[in-house]
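Hi,

Here is the structure I promised to pass on.

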Amino acid sequence: MAVFADTDELHQIMADLWTAIKSDDQMAAPLLSSRLIVTFHYREPDGRLTVDCSDGKEMVITAGECDRKPVVEMFMKSSVAHEFWLGKVNVPMALIQGKIVAKGPVNKALALLPAIKPAYGLYPSIIEKNGLKVSTT
Amino acid sequence: MNPFVFHTPTRVYFGETSAASCGDFIHDLGGSRVLLVSDAYLEKSGMLNPIIESITTATGNPPLLFTDVPSDSDIAVVNRASAMARANKCDALVAVGGGSVIDTAKVVNICLTFGGELMEYQGLNIIDRPLLPLIAVPTTAGTGAEVSFVAMVKDHEEGKKLMFGSPYLAPNMAVLDPLLIVSLPAKLTAATGIDAVTHGIECFVASGTNSVFTDALCLEALRLLFEFLPQATADGNNLEARGATLAASCMAGVAFTNSGVGITHALAHALGAKYGTHHGMTNGVLLTHGMNFNLQATAGQYARIARFLYFSSSGDDLEQAQILVDKVEGLLKELKLPRTLRELGIPELTADNLKELVDMAGSDPAIMFNPKEASEDDLLQILKGAY
């Protein structure tokens, strides 16, 4: 069973989460330094979110179609993304099991994992704030 | 027990003169026009001849030879080999050589199977369907490339290392022929062998990804390596020792491709990328430093290895773990491998160099599998300590 009701719900939560990350200097700084453009492709429900740090100054977050060519693309079920932001995904295991597909210079994206860890704490409150019926357990 | 997935798509065929059956094997896999990927030394030495004859007899066509693979392969090499293979309508590959040759063949196989832009396949799990048949015949005992799901080649022009990872990259068959490694010089025997030891130790303690399957492979591989690697290094003609190290390397390869490695590999990858150091020798220099870093977190697992290898009967895990580190030190000494980064020929490490190496190691996928999180300062201290 899908965690998110539909694409709109998925996009809203992910965009809100990344907006919160963007507002947090400690998390945003290493992402901007990387100058990466990362696109997350979700399925069940389908969705897409692009985080563009290419100018090194401002993070541009786009839910849905985006004409910027990503450097790294990550593909996963929406439920895996949900569990990731709850801090419940063993990323190495998910990569080994093929639950996460990573396209491009993967090491650049994996290097940013420690930087975004504090967002695990923000995710439940973002779900709650949006009043969305998403399980956090 | 943690959930786990264990997958090994490669059929392993072991035996003296088994390489001379490559033709039958590739024919059985449906190959008729074979690209034989190797290096110039192996071609000149005549070691490829029985394999060429076998392929010619079994398929009715002599293989197309590509023997320009250097020890540090490159995307330009891949492109040349792919163009040759495409022009000759090759439908199968046989790779005979060390890790660089086998990795090159894996990436050529992507080009040959899918065509198009190779960069579209860079990453992890992008390749989602079978490639053309590939047989790997290792001529070193260490990398595990003959069974691994990963291939790395450099883009020297862009200064990048490209990684391709998917279970479909694993060769269909690994042919382990001890006769093919008898001429490997002692220094390379030791250096490639210590790479396999590092796979066994790092995989056994990999964070959350190891399993009872990989544990069993690591333990037996380490038993064989501790017993036979010194013998194979001292006497290259000792076929029992050669065979044991070849099998052990393959076993450790199956293990690490399922469960990952760790901090020693992450640092060795960084040093290799920046200074071109030999991967196995670099692992040898760093291994005990990495083990000491992980010691408190992995004492129980190191102790299991030490007990399995009958290194000590102490009931104290930490004491056993320390004994394992000491035994690895002893093995490195016996193998006469370089013990410091300085001995590897790395110039004095400036603050900028160290920062660059720490950044590279910190973003290496291998570091994710390390059982203990490593800070930038931790990586820095290991590098300084190993210098």
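**Parallel sheet in chain B**

B:Val94 stands opposite B:Ile135 in β6(B). That pair belongs to strands β4 (residues 92–97) and β6 (residues 134–138) of chain B, which run parallel and are joined by five bridges. Before I go on, some ground rules: this is a predicted model, where local features need pLDDT of at least 70, side-chain atom pairs count only at pLDDT 80 or more, and totals for chains, interfaces and linings use all residues. Residues are numbered from 1 along each chain as its sequence is written, chains are lettered from A and ligands numbered from 1 in the order in which they are written, and side-chain values use heavy atoms, with hydrogens and water left out.

Helices (H or I, at least four residues) and strands (E, at least two) are DSSP runs, numbered from the N terminus, and two strands pair if DSSP finds at least two bridges between them. On that basis, chain B has an open sheet of six strands with parallel pairing, in the order β1-β9-β6-β4-β2-β3. β1 and β3 (64–66) of chain B are at its edges with a single partner strand each, so one side of each has no neighbour in the sheet. Ignoring direction, neighbouring strands of this sheet are turned by 20° against each other on average; axes here are lines fitted to C-alpha atoms (for helices over the stretch in contact), and angles run from 0 to 180 degrees between N-to-C directions. Helix α5 (residues 99–114) of chain B lies across β2 (34–37), β4 and β6 of chain B, at about 165° to β4(B).

**A loop residue in chain B**

B:Thr17 sits in the loop between β1 (11–14) and α1 (22–28) of chain B. Its relative accessibility is 47%, so B:Thr17 counts as partly exposed (buried is under 20% relative accessible area, exposed over 50%, partly exposed in between, with a 1.4 Å probe and protein chains only). Leaving out residues up to four places away in sequence, B:Thr17 touches B:Asp177 and B:Leu179 (contact means heavy atoms within 4.5 Å). The C-alpha atoms of B:Thr17 and B:Pro178 are 7.9 Å apart, although 161 residues separate the two along the chain.

**The sheet with strands from both chains**

An open sheet of eight strands, with mixed pairing, runs β3(A)-β2(A)-β1(A)-β4(A)-β5(A)-β5(B)-β8(B)-β7(B). Its edge strands, each pairing on one side only, are β3 (60–63) of chain A and β7 (150–155) of chain B. Within it, β1 (residues 37–43) and β4 (residues 72–77) of chain A pair in the parallel sense over six bridges. A:Phe40 has A:Met74 as its bridge partner in β4(A). α3(A) packs on the sheet, touching β1 and β4 of chain A, and its direction makes about 100° with that of β4(A).

**Helices of chain A**

How do α3(A) and α7(A) cross? The axes of α3 (residues 78–85) and α7(A) come within 8 Å and cross at roughly 115°. A:His82, A:Phe84 and A:Trp85 of α3(A) meet A:Ala119, A:Tyr120, A:Tyr123 and A:Ile127 of α7(A).

In helix α2 (residues 25–34) of chain A, the buried residues are A:Met27, A:Ala28, A:Leu31 and A:Leu32. These buried residues pack against α1 (7–23), α6 (113–116) and α7 (119–129) of chain A. The face turned away from the buried side of α2(A) carries exposed A:Asp25, A:Gln26 and A:Ser33. Just after α2(A), A:Arg35 takes a positive phi of about 55°.

Cheers
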